[in-house]
Amino acid sequence: MRVPMIVGNWKMNTTLSGAVELVNKMVRELDEIDSVDKVLCPPFISLAKIGKLIKGSSIKLGAQNVYFAEKGAYTGEISPLMLAELCEFVIIGHSERRKYFNETGEIVNQKVMAALKVGLKPILCVGEKLAENEAGRTEEVVTGQVSSSLAGINDINGLTIAYEPVWAIGTGKAATREQANETIGLIRRIISKLYGEKVARDLRILYGGSVTADNATEFMQQSEIDGALVGGASLKADQFLSIVRQTAEIKQTR
Ligand code: PGA
């Protein structure tokens, strides 16, 4: 059985004190929900502090990005080894990184490889743009992204994939549950072809893009969707808690 997972991607929001405040608002209640993996991804600078705050709880920590080199003269970058001391997960290939920071499939591939090498668990984001969706190219784009991101990687133990249609991120325009479920099913089939049926069956695949407390249930009811990558709604403690609670309820009764 795949343990459901809800990831809060805070993006470039919260100062250090703001991050502490947000976690304090939900740490106790989040900790009590034990049938869902809860992962918080604050900005880099808050990782150490938030890590201390949630220590001993069931809440897990993730970063929003990583560089692929082990160390060296890369001013401003953060290496996988640096993160491995602080957190368990790392988001890789988010569409905002692809769009604003020119991350290519090749770079994403190197990052996934480097993260796995030091035991960091990548949350690999894939998803088509609006024009690609409208042109009926979703399958082709997502297939290409999954295969290029995992090129040359033989063991994907620890990996999670997040399907995030670019047109649904931060727009308030979520995909329909059927669309999301269908594309996630497709991703599972790609993984099955690449790594075999068992690996595909065990892989967690999340949906992301305008998930809120109001629509979480409809996504979590879908058989292929194992959780959510939540942006905007993860900055509101009550919303995030509600999404995690709904997930726990639905997935438990399956
Ligand atoms: P959103 O962001 O929930 O604000 O749409 C999701 C994401 O980018 O991970």
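Start by selecting the ligand and E164: an oxygen atom of the ligand is 2.8 Å from an N or O atom in the E164 side chain, a polar contact (a pair of N or O atoms within 3.5 Å). Taken alone, the ligand exposes 280 Å², and the protein buries 95% of that (Shrake-Rupley method, 1.4 Å probe).

Before going on, note that this is a predicted model, where local features need pLDDT of at least 70, side-chain atom pairs count only at pLDDT 80 or more, and totals for chains, interfaces and linings use all residues. Residues are numbered from 1 along each chain as its sequence is written, and side-chain values use heavy atoms, leaving out hydrogens and water.

Next, pick H94, where a side-chain N or O atom is 2.6 Å from a ligand oxygen. At G232, a polar backbone atom is 2.9 Å from an oxygen of the ligand.

Now select S210, in the loop between β7 (204-208) and α10 (216-220) (DSSP runs: helices, H or I, of at least four residues; strands, E, of at least two; numbered from the N terminus). Is S210 buried or exposed? S210 counts as buried because its relative accessibility is 16%, and buried means under 20% (1.4 Å probe, protein chains only). Its side chain reaches the backbone oxygen of A168 at 2.7 Å.

Finish at I191. Leaving aside neighbours within four places in sequence, I191 is in contact with V146, L150, I156, I161, G196, V199, A200 and L203 (heavy atoms within 4.5 Å).

Notes:
Polar contact = N/O pair within 3.5 Å; in protein donor to acceptor, adjacent residues only side chain to side chain. Buried < 20%, exposed > 50% of the residue type's maximum accessible area, 1.4 Å probe, protein only.
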